[in-house]
Structure formats: C-alpha cells, structure tokens
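Visitor: I would like to learn how to read a model like this one, going from a single residue to the space around it.

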Amino acid sequence: MLSMSNLSPSPGTPMAATPLTRAVLEIDEYASTLGWDRPARLFALVDTARLRGSEPGLASRLGLDQDDTGKNQLTPIEQDEVPAGTPLDKFLGTIAWPDAIVGCALTVERLMLPPSAEASVPEGLSDKQLAKWVAAHPDRQEVRLTVGVLRDGSRESAVRLREKDSSSEVLTGATLVPGLAEALAATFLD
C-alpha cells in the first residue's frame, strides 16, 4: 500500500537542471523536515503528466492538478516503510516495479569518513566491526544520502552533511553514491 506524500519544493530548494535532480532534491528537502535519526525511506517516481491524465483525482489530492510544465515532471510517492533490521541490499532485492513507475529513490542516513581515513582502516574487520570502528572514528561525518534512478539509466544523488544541515549545502551528482544507485537500478531489471 502506498502512503502518498506531496513533496512540493520548499522556497530553499535550489532549481535543478533535470527532472530527476529536482525530484531527488525535493525528497532530500522533505526528509530534512522530518529531522535526523530516521529510517530509510523509499519512493516511487512517476511521470507527473501521466499521473494527471490517468489519475486526475489522485493528482488533485497531491496538489498536481495544475499544469506546471517544466517544474514537477516527476512526482515522488513515498512507499511503505523499509522494514527495520532488514539489510537494504536484501530489501531492494525483493522489489519489482510496475510499468507506470519510471524511477525510484531512496533516502538513508549513514556515517562517512574522509578519503584520508581510508588508509587507516584496519584489515580483516567484519562488516559489524567496521561499522563500529567508523562510528568511533573522530573524523566521521553523519550524512543523509538521497539517490534516484530512472528506468532509462539516469542517476542522481544528493548528500547532506548533518553538520551543514542546509538546503544550500547539499551536494549533488550522478556518481556520488554509485553502489546504492546500482542497487536501485537493479530493481528495474526483469
């Protein structure tokens, strides 16, 4: 069952060049209104014009009944919660999207280390030990990653640092989180 969210961009959301970038930034902004220390959130991305044509009542409830061509070409629709305690790769491996879904996005919080810390990572750690080591590292950064992919292979990411929690400080780029983008793209494979 879908839980619908109207993710209209806030005044602080920067204008973006592509519909996917705009959708990823809208989701990032929405997640920022919920605060930190939240579970991962999954979104279906639908073509706004197609949604308006096929589901006018739903489009109206989502505030999409006006023709705002060039503004919200993709509409993010929040899905049911990602099951707590289930590894993301296993969860994403269970997803198959219907044809009406043109893309998907995920927002998740993680700890990140600067590239300079990579050389000091102890060898032979299990995933659990590595996570513990990163969590204790003095240079760790808490980040919120929002990654979106389309069926056509397009990708976009937004990275928000907790210590610079501002819409104007969000980094974007297609290759910032390649592993997560690959996992999301795999949800569209037959």
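Predicted model: local features only at pLDDT ≥ 70, side-chain atom pairs only at ≥ 80, totals over all residues.

Visitor: Is Thr 187 buried or exposed?

Guide: Buried means under 20% relative accessible area, exposed over 50% and partly exposed in between, with a 1.4 Å probe and protein chains only. Thr 187 counts as buried because its relative accessibility is 4%.

Visitor: With which side chain does the side chain of Thr 187 make a polar contact?

Guide: A polar contact is a pair of N or O atoms within 3.5 Å; within protein, one must be able to donate a hydrogen and the other to accept it, and residues adjacent in sequence count only if both atoms are side-chain atoms. Here the partner of Thr 187 is the side chain of Trp 97, at 2.9 Å, and the side chain of Thr 187 also reaches the backbone oxygen of Leu 184 at 2.5 Å.

Visitor: Which residues of helix 6 are buried?

Guide: Helices are DSSP runs (H or I, at least four residues), numbered from the N terminus. In helix 6 the buried residues are Leu 180, Ala 181 and Leu 184. They lie on the same side of helix 6, because they cover an arc of only 100° around the axis, taken from the directions from the helix axis to the C-beta atoms.

Methods: Residues numbered from 1 in each chain as written. Heavy atoms only, no water. Helix = DSSP H or I, 4+ residues; strand = E, 2+ residues; numbered from the N terminus.
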